[in-house]
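Colleague: Hi! Could you walk me through this one?
Modeller: Happy to, here it comes.

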Amino acid sequence: KRLERIRASLADGLQPAVLELADDSHLHAGNAGARDGRGHFRVLIIAEAFTEQSLLHRHRMVYKALGDLMRTEIHALAIDAWAPGELDR
């Protein structure tokens with residue numbers, strides 16, 4: 001359910017061509033952030049919205065799309081944010 005909320009927020013906010021989301025919370029058991037119930041996640045997102053944006057701005061765009069989830073559901077988020085054509089897959 002948590003992954004679905006995160007995925008929906010990113011999809012709605014950034015309309016990505018590619019969105020891969022992983023829950024790495026199990027790797028951080030016992031971590032202070034895990035104790036409050038929030039999780040550790042990894043995201044690969046490729047979106048037209050990132051074209052000609054700096055890495056910092058791309059991360060801010062992801063945080064904005066996630067909104068309150070950053071305070072209520074997410075303790076840590078590893079972000080790979082690319083514009084189409086920047087990442088050979």
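Colleague: Is arginine 58 buried or exposed?
Modeller: Arginine 58 counts as buried, at 7% relative accessibility. Buried means under 20% relative accessible area, exposed over 50% and partly exposed in between (1.4 Å probe, protein chains only). One caution: this is a predicted model, where local features need pLDDT of at least 70, side-chain atom pairs count only at pLDDT 80 or more, and totals for chains, interfaces and linings use all residues. Residues are numbered from 1 along each chain as its sequence is written, and side-chain values use heavy atoms, with hydrogens and water left out.

Colleague: Thanks! What does arginine 58 meet in a salt bridge?
Modeller: Glutamate 86, at 2.7 Å from N to O. A salt bridge here is a side-chain nitrogen of Lys or Arg within 4 Å of a carboxyl oxygen of Asp or Glu. The pair links distant parts of the chain, with arginine 58 in helix α3 (residues 55–66) and glutamate 86 in the segment after β3, 28 residues apart. Glutamate 86 is partly exposed, at 38% relative accessible area.

Colleague: How many salt bridges does the structure hold?
Modeller: Five. One of them joins glutamate 73 to arginine 5, with the closest N and O atoms 3.1 Å apart. Glutamate 73 is buried at 15%, while arginine 5 is partly exposed at 36%.

Colleague: Switching topic, what is the order of the elements?
Modeller: From the N terminus, α-β-α-β-α-α-β. Helices (H or I, at least four residues) and strands (E, at least two) are DSSP runs, numbered from the N terminus.
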